[in-house]
Amino acid sequence: FQGTSTDFDYVFYSNGNKLMHVNGTGEITKPQQPCFRASGLGGAWSTGINDVVHFANDGNGFNFDIGNNYNTSSNGFFAPVAGKYQFYAQALIQNGTNQKRIKLRKNGTDFAIGNVYGYNSSSEVTVWVAGIVNMAVNDKIDVHLNTVSGNYYNHHPYTFFQGFLIG
């Protein structure tokens with residue numbers, strides 16, 4: 001802890017790492033707070049709709065992973081601490097018929113689903129989903145796409161997954 005009652009600027013450290021900063025105007029920053037953004041692997045249309053979406057932290061300037069909790073091998077975010085987390089995912093889908101669905105899954109079970117219905121086979125549509133979920137340590141969140149047919153554009157900024165610890 002570092003601060004005085006006259007400057008109202010408080011900084012909390014652990015082992016030399018800044019954990020939280022409260023400035024004189026009451027703004028709070030927590031630079032170690034788990035937070036990530038991962039986007040599609042490349043700029044091509046991908047087939048295999050009806051599966052887990054593969055994302056990467058490819059250093060494109062938009063992706064990040066504070067705490068290294070997003071695993072590109074298992075395509076999911078793993079909770080480092082128990083608490084409430086918020087997630088958002090979206091995908092651009094082309095040439096699918098009827099229903100297009102994107103899901104956030106916790107340990108393989110759907111907890112939030114976004115749907116789009118009625119688009120024809122020559123259209124493009126962005127499907128998205130957001131949700132807040134209670135997680136235990138090492139619970140996994142991944143993104144699953146499901147359509148009757150079609151492809152998704154697996155590239156930033158059209159297809160991405162992001163989340164953070166609320167508390």
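Analyst: Start with a definition: buried means under 20% relative accessible area, exposed over 50%, and partly exposed in between (1.4 Å probe, protein chains only). This is a predicted model: local features need pLDDT of at least 70, side-chain atom pairs count only at pLDDT 80 or more, and totals for chains, interfaces and linings use all residues. Residues are numbered from 1 along each chain as its sequence is written, and side-chain values use heavy atoms, with hydrogens and water left out.
User: How many aromatic pairs does the structure hold?
Analyst: Eleven. Rings of Phe, Tyr and Trp (its six-membered ring) pair if their centres lie within 6.5 Å; planes under 30 degrees apart count as stacked, over 60 as edge-to-face, the rest as tilted.
User: What kind of pair are F36 and F161?
Analyst: Edge-to-face, because their planes are at 80°. Their centres are 4.9 Å apart. F36 lies in strand β4 and F161 in strand β17, so the pair ties together parts 125 residues apart in sequence. Strands (E, at least two residues) are DSSP runs, numbered from the N terminus.
User: Is F161 buried or exposed?
Analyst: F161 is buried, with a relative accessible area of 0%. F36 is buried too, at 1%.
User: And what about Y88 and F160, which kind of pair are they?
Analyst: Tilted, with planes at 35° and centres 5.8 Å apart. Y88 is in strand β11 and F160 in strand β17, 72 residues apart. Y88 is partly exposed at 21%, while F160 is buried at 10%.
User: New topic. Which residues does the ring-pair cluster link?
Analyst: F36, Y70, F77, Y85, F87 and F161.

Technical notes
Helices (H or I, at least four residues) and strands (E, at least two) are DSSP runs, numbered from the N terminus.
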